[in-house]
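Please walk through this structure step by step. Keep the sequence and the 3D view side by side.

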Amino acid sequence: MALKLFGHDTSPYVRRIRILLDELEVPFERDSHGWLDATEEFKAASPIQRLPMLDRGPSAKNQYVYDSKVIAEVVYRDLPRLRGTGTSARTDVQQTLWLAGLEERDVNVFTVLDGGLDAAINGFCIEQAGCPRTQNGYLQRQFDRAQACFVWLDEQYQGGPTLTKGQLAHVDVAIATALDWIAFRQVFDVSAWPSLVAMQQVHQERPSFVATYPYPRC
């Protein structure tokens, strides 16, 4: 049975997994419903009701995987089996989630990214519900936290096209897709993070990025 990925196109967490599977040449099926129109299959399978969710099939020890970072870990771990025979790895794509000797750096970057993106999404959703950030201290702290995270991430890249020279890693994909979401939702002016924008622009014409881009283009 092929992997089945649950999640709507506009979610940056879903999109990063779609790009990962494409770049690693792993076949998969889609359920593109979001949390607002979730299928009964998803609601029955996921206790946390968050997307993405990966269905690995009934023969897997743990059939459902609920978090995008854990999904990535599972995909990289099982990559030889998932990819199958006759498929050669792309030389410009990192074939492991973490690089030996750089795990602490990479995990730190991912932790800061997801902390910032979670805060930005949380703040955006609350503000869209009619609570302006200027009138709510908790909400303002969410935006301040997100801003601090992306400023720190910008400093890590220093104008480079990837975090590790020469290979596109999952963390690069995750940051680039987060920037697309932030720019589209107008949560922040992403031009304040020039190194991240430069990195994102290097990769935006890759087929996997183009095929998964879900927002109207100006």
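Which residues does A45 touch, not counting residues up to four places away in sequence? A45 touches M53, Y64 and Y66. This is a contact in a predicted model. A45 itself lies in helix α2, which covers residues 40-45. With a relative accessibility of 11%, A45 counts as buried, because the cut-off for buried is under 20%. Now look from A45 towards T212. These two residues are 167 residues apart along the chain. Their C-alpha atoms are separated by 25 Å.

Next comes helix α1, residues 12-23. Helix α1 has 12 residues. From its first C-alpha to its last, α1 reaches 16 Å, close to the 16 Å expected at 1.5 Å a residue. Of its 12 residues, 11 are buried, so α1 is largely enclosed by the rest of the structure. The buried ones are P12, Y13, V14, R15, R16, I17, R18, I19, L20, L21 and E23. What covers them? The cover includes two strands, β1 (3-6) and β2 (28-31). It also includes the helices α3 (68-77), α5 (103-128), α7 and α9 (207-212).

Helix α3 is part of that cover, and α3 has a cover of its own. Seven of the 10 residues of α3 are buried, so α3 too is largely enclosed by the rest of the structure. They are S68, K69, I71, A72, V74, V75 and Y76. Among the elements over them are α1, α5 and α7. The strands β3 (53-55) and β4 (64-65) also take part, as does α4 (79-83).

Helix α7 (residues 170-185) deserves a tour of its own. Two packed helices are described by the angle between their axes and the distance between the axes. Start with α5. The helices α5 and α7 pack at an angle of about 20°, with their axes 11 Å apart. They are therefore roughly parallel to each other. Their crossing is left-handed. From α5 come V109, F110, L113, L117, A120, I121 and F124. From α7 come H170, V171, A174, I175, A178, W181 and R185. By class, the contact of α5 with α7 has 12 nonpolar residues, one polar and one charged.

Now turn to α6, residues 137-157. The axes of α6 and α7 come within 13 Å and cross at roughly 135°. That angle makes α6 oblique to α7. Helix α6 passes α7 in a left-handed crossing. On the α6 side, F150, L153 and Y157 make the contact. On the α7 side, V171, D172, I175, A178, L179 and I182 take part. The residues of this contact divide into eight nonpolar, no polar and one charged.

D172, I175, A176, L179 and D180 of α7 meet L196, V197, M199 and Q200 of α8. This contact has six nonpolar, one polar and two charged residues.

I175 takes part in the contact with α5, in the contact with α6 and in the contact with α8. Find I175 in the view, then trace each partner helix from there.

Note on methods: Residues numbered from 1 in each chain as written. Predicted model: local features only at pLDDT ≥ 70, side-chain atom pairs only at ≥ 80, totals over all residues. Heavy atoms only, no water. Axes fitted to C-alpha atoms, helices over the stretch in contact; angles between N-to-C directions. Helix = DSSP H or I, 4+ residues; strand = E, 2+ residues; numbered from the N terminus. Parallel < 35°, antiparallel > 145°, perpendicular 65-115°, else oblique. Left-handed = near helix turned anticlockwise from the far one by under 90°. Contact = heavy atoms within 4.5 Å. Nonpolar A, V, L, I, M, F, W, Y, C, P; charged D, E, K, R; others polar. Expected span 1.5 Å × (residues − 1). Buried < 20%, exposed > 50% of the residue type's maximum accessible area, 1.4 Å probe, protein only.
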